[in-house]
Amino acid sequence: MTVTFLDGARLAGRTLRHPTGALLALTALAVAIVLVFLFTDLPGRWEYALGLRVRTIGGMGIAAAAVGAATVLFQTITSNRILTPGIMGFDAVFLAIQTVVAFAIGPALLVAAPPLASWLVELGLMTGSIVLLYWWLFVRRRLDLHVIVLAGLVLGVLFRSVTGFLQRLLDPDTFAIVQDLTFASFTSVDRELLLPTGVLVAVALASLWPIRRELDVLSLGASTAISLGVAHRRVVMHVVVAIAAMVAASTALVGPVTFFGLIVANLAYGAVGHRHLRSVPAAIAIGVIALVGGQLILDRLLGFGTELPIVIEFVGGLFFIVLVLSGKAR
C-alpha cells in the first residue's frame, strides 16, 4: 500500500517548475522580515524594546503556524478552497465564552483571572466542543463530512446570535471590556502563554507527520482516497483533532481571525502546489510574512494608523469574493 500512497501523493502535487525553490525563498523572506522587525529602529533602552518585539514575533509566529496549517488541512478534508476552520465555530465559541462569563459573573473575573487558567478553560471548551461534535456526527452517526460542516456553520450562527443578544443586555462598561477581550491582537500577547501554546501547536503538527502521504492522497477527494486504501474516517478524525487543538490554542492566545487562513493557504497553493510537505510550511512562512510585514508597515510607515487584524479581515474579505467569483472554490 506504500506504493499506492506514493502514487497518490505524486498525483496530488501540482506540476510546478520549482516548488522547493519557492518554499526556500518564502522561508528566507520570512526570516529577513523578522530580523528587520527585531533589530531596526531600536531605541536607546533597546533591551526592553527588543523584549516586546520578541514577544510580538512569538505570538505572530504561533498564530501563523496554527491558522495557516489548520486551514490547509481543513481545505484538504473538505476539498474546498474557501472553507476555513472558522466555519467550525471556533470564533463563535470564543466570543460566547467571554460574553457568558461577563453576563453571568461579571467582568471582574475576566480581567482578574490568571492568564494561564483562562487559556486552559478556553482551550478545553473550544477543542472539546468541536471534537465532540465531529466524533458524534462523523464516527457515531457516520454522516457525510459536508453535512457535519453545515452543522458546524449552523451552530456557529446560533452561538453568534446568543452572543449578540447577551451583549445587548450588558452595561456599557462591561460591553467595552468584552469587546476588548474578543478583538484579535498580536501586540499584547501574554508572555506566559507563548510556551504552552507553541508546544501544543508543535505537537499537533508533529502528530500529522506519520499520515503526510495519506493527506496528499486525501486531497484528491474522499472517493479517490478510499479507493486507494486510505482509512478515510480515521485520518479525517485525526486531522479534525489536530485542527481543533491548533485553532483553539491560537484563538485563546491572540483572538479570532476569520480570513487570515484563507489568504495564506491559497497563496501557498499558488507558490508550491498542494503536497502537504511543502504547502503547510509555505502557508506558515506566508503567514509570518503577512503578519510581521504588515505590523512593520503599520509601525514604521503608517504610525499605528489602524490595527493589523482590521486590515487582514478587509483584505481577506475581498480575497474571498475574488475566489468565489473566479470559480476557484474547489
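Start by selecting helix 3 (46-78), helix 4 (90-104) and helix 12 (232-254): each supplies at least two residues of the lining of the largest cavity. Helices here are DSSP runs of H or I, at least four residues, numbered from the N terminus.

This is a predicted model: local features need pLDDT of at least 70, side-chain atom pairs count only at pLDDT 80 or more, and totals for chains, interfaces and linings use all residues. Residues are numbered from 1 along each chain as its sequence is written, and side-chain values use heavy atoms, without hydrogens or water.

**Largest cavity**

A cavity is a set of points on a 1 Å grid over the protein atoms alone where a 1.4 Å probe fits but cannot get out; lining residues have an atom within 4 Å of a point. The structure holds two cavities of 30 Å³ or more. The largest has about 160 Å³ of space, a volume being the space filled by probe spheres set on the points. Select Val 67, Pro 85, Gly 86, Val 247 and Val 257, the closest to its centre of the 16 lining residues.

**Second largest cavity**

Move on to about 30 Å³ of space. Show Ala 184, Ser 185, Phe 186, Thr 187, Gln 295, Glu 307, Leu 308 and Pro 309, which line this cavity.

**Asn 266**

Next, go to helix 13 (residues 260-272) and pick Asn 266. Asn 266 is buried, at a relative accessible area of 5%; buried means under 20%, with a 1.4 Å probe and protein chains only.

How values were computed
Buried < 20%, exposed > 50% of the residue type's maximum accessible area, 1.4 Å probe, protein only. 1 Å grid on protein atoms, 1.4 Å probe; cavity = no way out; pocket = protein on both sides within 12 Å on 5 of 7 lines; lining within 4 Å.
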